[in-house]
Each structure stands twice: as structure tokens, then as C-alpha cells.
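Biologist: Can you walk me through this one? Start with what you mean by your terms, please.

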Amino acid sequence: MLGTQLWLKAAEEQQTTSRDPEWITNLEKVVDDNFASVTEISGDVIFFKLPIPGFEMPFVVLWLIVAAIFITFYLFFIQVRGIPVAIDVIKGKYSSKDDPGEIPHYQALTSALSGTVGLGNIAGVGAAVTMGGPGATFWMILAGLFGMATKFAECTLGVKYRELREDGTVAGGPFTYLPVAFARFPKFLSVGLTGLFAVAILFFGVGGGNMFQSNQTYSQLVTVIDPDGTGFITSTSGKLVAGVVIAVLVGAVIIGGMKSIGRVTSTLVPLMGGIYVLACLVVIFGNFAQIPSAFGSILSGAFTGEGVLGGIVGVLIVGMTRAAFSNEAGLGSAPIAHSTVKTRRPVSEGFVALFEPFIDTVVICTMTALTITIANTSFYQGERAKYLGADGDYSVGGVTVTSDAFGQHISWFPAVLAIAVALFAISTLITWSYYGQRAWNYLFGDTRTATLIYRVVFLFFTVMGCLLTFGQVLAFADNFLFVCAFVNLLGVYMLLPVIKREMNEYLEDRKSGRLLQLGLEDSEKEISVEELAGENQLVDSSGRNRVASGVAAQDLRMGEGGQVRREGVAADWDDEDDDGFGVGAATTPYPPPQRGGHRGLGDEDDDGFGRGGTTTPYGREPGHQPPGRHESGRDVPRMDDDDGPRG
């Protein structure tokens, strides 16, 4: 990723004046030299560019963009229709203290934002408008708007297939929904793909999300305290002290688990985001007369590509790429944080997640781009000229471009920006510690001992991030973060029907007023929680939900496969012809059942038990339907003499 490249450039400059012992310099050089070829090969494979003349976009970025567009149309522009719903959910209108989970919707949003809002919004955007001109901003905004649908989809799944534990903690995200999505695959492929995702997230969490961020925090600390590099802080001992202090601060947060992380980020994210956006507004409105021309440059540059390598295609690629790297929509990282939310309806958190790409890319990235475009400093013009003159081989210092734009209008702000960057880095580090922990638990077991070992390892590398660069290792970690995009979106594609059904039911319940019941405590509800809650958000007598009770993934696939009782005991019928769409020999899937009968199936005799004429099961009166939401996979007892859809 560009952030690591910028860091490598800064690290090289720092090493020329470093007072590090020779063994540290030699160690870094040996590791980086031996890892360089691995990093280069992995980068060529993961970010291979489509062999289309004049359209050299990495496949993984195109994969993210196409998915965002497809999901947008499949869910009928839910990122637009869902804004009022999302606001109500964040306000807690449909939540109560009885809901299972760890943190409220607002904290889940800020926790996930702390993992995305960061250096990509500052250094990444600075590099984007330098390489792609102001027009890159337009494509960044467009990618952010479409990315809102991707976040909606993946975060809905993260909650739907999460595990609720007896102690109240939660485990969810791709580690729980990918096995469901891949249940049709051979076991080795399903396990292998999910395992690959976990390894990639873990590697980045410990490396790129940890060492890189702690090093950036240290670097900004030096900028503020010892800009000439002669003080104690720039010595090896100073680096060690800084690393230990950062590790202690982070450790105090992550040891408390997701609840602690949520409390910290719910304060830190609005604070640092507010400071940064306020500074942007000071520059933008301080040059009010230039705002129309700035927007004109953004629009004209987007469709002309004037002064940009590759013309219009070049500026499109730069903008789309930077947006994908910044908001992480589709990578599968955000659902891990969102899965811990307190809710009984999974799709509610999908609506909350809509705001992430909007805040990250549409608001903050656009603010940065406008600030740089309006300032239009000589340094920015010089960097553009160098990049274009070197035919794209010049390494652009994005954070310097952004800082210079602020400095021209707010002379003292570069120091504040340094502190803001440090806060961005720390918040990202804290959130990625949790992402890495979930991957570690998936691979090595979800026990207290395993979690303790992970936290010790993570904090060790936090300290090492201040002492060592290991640039090629972290570039390798950056590469593998985008392996997650392919695996995660493949799973999302396969579960899109589940997402759409959850979304439609939620919107119907909101329209009818049923959702207001969710805002009441369980003792005050006039409608039983079984009727209101999502099928995986109810706990059994042991305090665990269906997924945590050991239900096989194939019994949950598409929400329509083998049927399951609420206690997590799979129904004991055999279906040799089950093709994954339901019980029975039919190879054409039935439309998913809906509350109140199978609408639109043309079954005049349907009494809620299935299609066909005689649908009265043994031991029940015609027209009787079990209480609760009529969904496959819930509260459906085995009826030996039922002539319904089982065959």
C-alpha cells in the first residue's frame, strides 16, 4: 500500500542521520534484503494488472469496485434509501440494554472507523491528487458512495452468523460467515479459503496494522519534540522508551477487550476527526472565492485527465485505488468490529456501517483533497511536476503535500497535524489489535491462554515498530491484506440472497412499527422477542446461540439449507437430494419464506407449512402456525406424516 511506501521513503531518510547501533542497522538490512524478492513476487501476483492496453488497474481493486456496483444495484441503492434508517439505529431507537452483544451501535461504528480513518486520508489523498490531479477526487467520492453498499452487506453478515457466548462476549465477522458461504465447496477448499483469510488478517494486524502504526506514532513524536534529531528521543534508548510507553497505553486498552476498545475509540475518533475536519474547513472557507474553481478542477480533471499519466483512465485508476485502500470496503476487516454490536436484528448493523465509507472517503478524503487543491502551493506543483517528469517513478511524499497545504494558511497547524497523525495511528493500532486477535483465535483456539499469548506478541511488535523498520516485511503484510478482498467478497456474493431477505424484513417491520418493540426492555415488549429477533440472535438455555451451539455450517447455508431447532440441535431427517436450496429433491430453489405465508407462490391452500394442496401436518389443525418468525431453520419440528415440501 502507498502508506508503507511513504514510510519506507521516510525511514531511509531517517536512517542516514540515525544514532542506532550498527547491529540494528545490519539486522534491518539483512531481513529486508532477504525479504525483498518475496515482497516483489507476492505484489506482482496479488496486484497483477489486467492486460488491457491503457487500463492498468490491479485486478484486486477492480474486484472491489465491481462488487460495490453490483451490490448497489442488487440491493436497489440501499446506501441512499437506508440513511434515515441508519440514523434511527445509531440513535438507539430500536435497541435496548437486553440486546445480546458487547457495545452499542455508535461504538461499533467508531471502532471500525478507527481502523480506516487514518494516514490514508492524509498521506494517501495527498499522493492521489499529486499523481492523478484534482480529478482523482471525483473518482474517490464515487468509489466511496458505491463502497457504502459493500460495507452494508459484509457487516450484516458479520452479525448474522456471529457467536454469542455465555459470558456475553461475541465472535463474528468473516471467520463465522465464510464457512457458511463456502459450505457447498469441498471441505479442504472451504477451510483453506477461510484459513487464508485469517492468516492474511493476522499477518497484517501484527505487522502493517501494528509495527507500521507505532513507527508512525514515534516519527510524529520526534517531529514535535525533536525536529533536528539531536535529542534523547532519537537515540536507540529513546526509541525503546517510546515503544514501551505506546505499548503500555495500547495494552491498557486492548486487555479490556472490545468493550474497552469501543469506549476509547468512541471518544478518540470524533476528537481527532473533528480537529482535522475543522482545520480543513478553516482553509477551505478562508479561501471561499476559490471553492467554485476547485470543484471545477475536480470535475474537469475527472473527465479529461489533463496533465495526468494515462489521461482519464489514469486519473480514474488513481482515484478508485486510493478510495479502496482508504475505506477498506470489501476487505472483511470492518465486520469483525461490527459483529460485537448489541442487537437482535443483524441487518441493523449493516445500516450503521453505511456511514463508514461516507465519513472516511466522501467527507474526510474530499476535505483533504479540497484543501490541497485550494491551497495549490508551489511545493504541490513541484511534486506533481517531478512525478510526471519521472514518468511515474518518483515517490510522492503525500503527508508532506498535505502538511504544506495546511501550513500555508495555518502556520502552526503542521505541529497539530503531527499530533493528529499520531492519534490516527494509535486508534488504528488499537482496532487492528482486535482484528488480529480474532484471526489468532480462529487459527489457534479461542481460549484465554491463546488470547493472552497473542496480546503479548502484539505488544512486543508494537515496541519493535519504534526500533526497527523491516520495511519489506511490512510491504509483504500490506500485499496480503488485499488477499482478504477476494476471499471475503466471494463469500458475500454467495450470501447476497440472505442479506436481501434480512433487509426487506427489517424495512417491512420498521414500516409497520414492529421495530419500535426492540427499543423496549424484554419485560416491556408486547410482542415476544422470538418474533422480533433474527434467527441467530436468540440464545438457548446454555446462553449460546445456534452457531455457537455447534450447528454445522451446511445447516445454515443461505439460511435455507438443513433445518435446525433453536437449541442448536440439527433436525434428524436425511435429504439425499438436498442441493443447498432446501429439503427435497427439487433443483429449483423455492423463494425464501416470508412472514405470514409464502407470498407470490400461487398456493391457495398454503397454511404456512409449505407448498401444495394437503399441507396439514400430523397432529396440527389446518391453518395453525407455530409462533414466531416463519423462517426456515427455526422452530420447525420433524413431522413424520407431513406431506409438505420434504417430499
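Modeller: A salt bridge here is a side-chain nitrogen of Lys or Arg within 4 Å of a carboxyl oxygen of Asp or Glu. This is a predicted model, where local features need pLDDT of at least 70, side-chain atom pairs count only at pLDDT 80 or more, and totals for chains, interfaces and linings use all residues. Residues are numbered from 1 along each chain as its sequence is written, and side-chain values use heavy atoms, with hydrogens and water left out.

Biologist: Which residue forms a salt bridge with glutamate 502?

Modeller: Lysine 160, with the closest N and O atoms 2.8 Å apart. Glutamate 502 lies in helix 24 (residues 496-512) and lysine 160 in helix 8, so the pair ties together parts 342 residues apart in sequence. Helices (H or I, at least four residues) are DSSP runs, numbered from the N terminus.

Biologist: Are glutamate 502 and lysine 160 buried or exposed?

Modeller: Both are buried. Buried means under 20% relative accessible area, exposed over 50%, and partly exposed in between (1.4 Å probe, protein chains only).

Biologist: How many salt bridges does the structure hold?

Modeller: It holds 10. One of them joins the side chains of arginine 344 and aspartate 99 (3.4 Å, N to O). Arginine 344 is buried, at 9% relative accessible area, and aspartate 99 is buried too, at 3%.

Biologist: New topic: what is isoleucine 201 in contact with?

Modeller: Leaving aside neighbours within four places in sequence, its contacts (heavy atoms within 4.5 Å) include Ser333, Trp432 and Cys484. Isoleucine 201 is in helix 10 (residues 187-225) and counts as buried, at 0% relative accessibility.

Terms used
Helix = DSSP H or I, 4+ residues; strand = E, 2+ residues; numbered from the N terminus.
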